[in-house]
Amino acid sequence: MAALNRLMRARGFSFYSTASCRSFSSAVTSEPDLRFPSSLGHKTLPVRRDPSNRNVQWVFLGCPGVGKGTYASRLSKLLGIPHIATGDLVREELTCSGLFSQQLSEIVNQGKLVSDEIIINLLSKRLKKGEINGESGFILDGFPRTIRQAEILEGVTEIDLVINLKLREDILVEKCLGRRICSQCGGNFNIANINVKGENGNRGIYMAPLLPPAGCESKLITRADDTEEVVKERLRIYNNMSQPVEDFYRSRGKLMEFDLPGGIPESWPKLLQALNLDQEDKQSVAA
């Protein structure tokens with residue numbers, strides 16, 4: 001927790017009061033195209049017992065495939081706070097059976113964004129579970145994606161910092177097409193070997209592949225939505241919707257833009273430096 005304490009002192013985080021904590025569902029209206037099973041009924045964001053002592057509450061923004069999950073997960077381990085990825089929440093729901101999962105699968109496989117109501121209900125369900133387990137603070141990955149989601153989130157809790165990861169679109173496409181998952185252990189890998197030379201004043205970028213161990217090589221599968229057509233459609237939709245969200249947090253002085261200079265070995269130390277985390281913290285998660 002030393003890293004977390006130093007970080008909070010350095011950035012001067014403010015804390016929200018319990019009086020401002022309201023229900024996600026009270027701020028969102030029902031959408032008629034997709035019905036919820038009883039397990040996904042509207043949830044109420046849990047009130048924290050001691051909000052004055054909560055941990056940081058951050059958001060990661062960035063195009064699909066930019067690496068939000070990778071860096072959010074590392075920071076989660078470093079700071080000792082949960083990493084909540086809405087993409088993972090959706091994929092967990094897809095493993096369930098029933099009409100809802102089938103309809104959700106069609107949306108995802110077509111590269112469309114999942115509706116606000118679905119995401120908010122899944123997120124509320126996850127936060128409720130975390131509160132029961134005694135969690136404090138979070139790093140959100142994949143939410144908010146729309147200005148409406150950002151406004152709803154602001155209405156129920158205080159966000160301390162929004163980290164916006166940036167990467168060229170042609171590299172994003174190549175990264176997404178290289179993603180692989182081990183069907184046995186669930187590990188995430190990437191077979192893309194990206195080596196873009198600098199030209200016309202633009203810097204070069206090298207991203208080494210993240211190859212699986214020998215035991216996973218024969219069990220690699222590709223996500224159904226990682227086709228070039230679907231990836232480009234996801235990026236198009238994201239780019240159209242992201243600017244208002246970025247402006248929303250920029251106007252509040254909470255947006256930190258971070259251009260990824262390369263792969264994890266090059267980008268991770270620079271991200272920690274931008275977040276005011278020192279060399280001791282970098283070494284503790286250098287794996």
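**Labels and the values behind them**

Modeller: Let's start with S242, which lies in helix α8 (residues 228-250); helices (H or I, at least four residues) and strands (E, at least two) are DSSP runs, numbered from the N terminus. This is a predicted model, where local features need pLDDT of at least 70, side-chain atom pairs count only at pLDDT 80 or more, and totals for chains, interfaces and linings use all residues. Residues are numbered from 1 along each chain as its sequence is written, and side-chain values use heavy atoms, with hydrogens and water left out.

Biologist: Why does S242 count as buried?

Modeller: Buried means under 20% relative accessible area, exposed over 50%, partly exposed in between (1.4 Å probe, protein chains only). S242 has 8% relative accessibility, so it counts as buried.

Biologist: And what makes K166 and E257 a salt bridge?

Modeller: The term asks for a side-chain nitrogen of Lys or Arg within 4 Å of a carboxyl oxygen of Asp or Glu. For K166 and E257 the N to O value is 4.0 Å, and they meet in a salt bridge. The pair links distant parts of the chain, with K166 in strand β4 and E257 in strand β10, 91 residues apart.

Biologist: Why is K166 called partly exposed?

Modeller: Because its relative accessible area is 32%. E257 is partly exposed too, at 35%.

Biologist: What about D141: why no salt bridge there?

Modeller: D141 is buried, and the nearest side chain of opposite charge, K68, is 4.6 Å away. Lys and Arg count as positive and Asp and Glu as negative, while His and the chain ends are not counted. D141 does touch K68, as well as F60 and H83 among others; contact means heavy atoms within 4.5 Å.

Biologist: How do you know that the length of helix α2 agrees with what it should span?

Modeller: The expected span is 1.5 Å times one less than the number of residues. The twelve residues of α2 (68-79) should span 16 Å, and the end C-alpha atoms are 16 Å apart, so the two agree. Just after α2, G80 takes a positive phi of about 70°.

Biologist: Which salt bridge does D226 make?

Modeller: D226 meets R179 at 2.8 Å, N to O. D226 is in the loop between β9 and α8 and R179 in strand β5, so the pair ties together parts 47 residues apart in sequence. D226 counts as buried because its relative accessibility is 5%.

Technical notes: Lists of a residue's contacts leave out its neighbours within four places in sequence.
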